[in-house]
Amino acid sequence: MNPTEHPPDTPAPEPADAAARPGPDRCLEVDGLSVSYRAGGGEIPAVRGVSFDLEPGSKLGVAGESGCGKSTVALALLRLLPRSARISGRVLLDGEDVLDMRWGRLRAVRWAGASIVFQGAMHSLNPVQRVGDQIAEPLLVHGGAAPAQARSQVVELLEQVGLPAWRERSYPHELSGGQRQRAMIAMALACRPRLIIADEPTTALDVMIQAQILRLIDELVTGRDISMLMISHDLSVLAETCDRLAVMYAGRIVEEGPADAVFAAARHPYGAALSAAFPRVGDPASRRAPRGLPGDPPDPAELPSGCSFRPRCPEVQERCSEVDPVLWPAGPGRTAACVQVLPPEQDTRPPPGRDRASETTGE
Ligand SMILES: Nc1ncnc2c1ncn2[C@@H]1O[C@H](COP(=O)(O)OP(=O)(O)OP(=O)(O)O)[C@@H](O)[C@H]1O
């Protein structure tokens, strides 16, 4: 993300400009993405004006506590949200707006343009279908492969993710958690997408297997020049794997920058608390609770006035109840949404986004 492109006091570019922009330097461009869910007679604002870019071959990690909107962002990118969701903003995949795509085009883009690796492969894989058949499905349906071709590609994919060919005949329950996640990765890679979205891909695994799977994802993605958006509550996992990090809180990105810089010295107090909470992957030290962070994230339907992080912030100031900070430059290639980096006179309007109702995929 480059906040200097759309400073908060400058109108966002017209949709036509962005759609016409050739996309060789941006594999993914998310602009003012907002998602709310209709529930209990009200609206839950799960994601509020999130913007970020992904260059071809780059890896962005999105971190944040449970409920901050990470998975909603991931699902919105491929319009996989439930019917109760309303989306606004723009999601340009190689310059094409996913939120405006017709169904036929959207079906073609899923798997072949971008694919998702979900957390907990046991729930994502079909328990009564052999692993090889599940990996073959996107090849047959979306990749245009003939059955014999798909079969040989499945064997190749299994080898690439470190599973022996005979595993194609296994059912998911016959695999370990790590092996199932490898099978999911093989499926996600099957149609050679330009973008992989990995939503908590190692959360259910123990630390050693987690490190192996992260290494595997890194090798496969880097070797093929695939871009990756990886989502995790664990900042250290992301710092290990990604070039850049975005930290989300209460539906917004509150900090973004080069992975090492954000992990080593976050500019937002929430980013600092998250990095203090997680040692590096493989570090035998046990996980620490977020330091100096009392309480829980706010209910998105009842956000506090001013900065949403204010009630938990160890560095809270008087101004924080009046100002809802926007992302602001906070060092080379970095932004943070905190009054500590925001100039006192700065307007705090969130970036604009276009309203439109989401459509459901039935998935
Ligand atoms: N289908 C839904 N209907 C209503 N509210 C929802 C729905 N899905 C998510 N939410 C709400 O939207 C907010 C963001 O949820 P989301 O799952 O995106 O967060 P997350 O950061 O991915 O959390 P986790 O890591 O626990 O999955 C939460 O308050 C959640 O309760």
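**Exercise 1.** Determine which residues come nearest to the ligand, and which elements supply the shell around it.

*Solution.* Of the 16 residues around the ligand, those that come nearest are Tyr 37, Ala 46, Ser 66, Ser 71 and Thr 72, where a residue is near if its C-beta atom, placed from the backbone, lies within 6 Å of the molecule. This is a predicted model, in which local features need pLDDT of at least 70 and side-chain atom pairs count only at pLDDT 80 or more, whereas totals for chains, interfaces and linings use all residues. Residues are numbered from 1 along each chain as its sequence is written. Next, assign the shell to elements, which are DSSP runs numbered from the N terminus (helices H or I, at least four residues; strands E, at least two): strand E1 (28–39), strand E2 (42–54) and helix H2 (70–77) each supply at least two residues, and H2 gives the most, with three.

**Exercise 2.** Describe how helix H5 and helix H6 cross, and which residues meet.

*Solution.* Begin with the axes of H5 (residues 131–141) and H6 (residues 147–160), which come within 9 Å and cross at roughly 120°; axes are lines fitted to C-alpha atoms, for helices over the stretch in contact, with angles from 0 to 180 degrees between N-to-C directions. H5 is therefore oblique to H6, since angles under 35 degrees count as roughly parallel, over 145 as roughly antiparallel, 65 to 115 as roughly perpendicular and the rest as oblique. Finally, list the contacts (C-beta atoms, placed from the backbone, within 7 Å): Gly 132, Ile 135, Ala 136, Leu 139 and Leu 140 of H5 meet Pro 147, Ala 150, Arg 151, Gln 153, Val 154 and Leu 157 of H6.

Key:
Contact = placed C-beta atoms within 7 Å.
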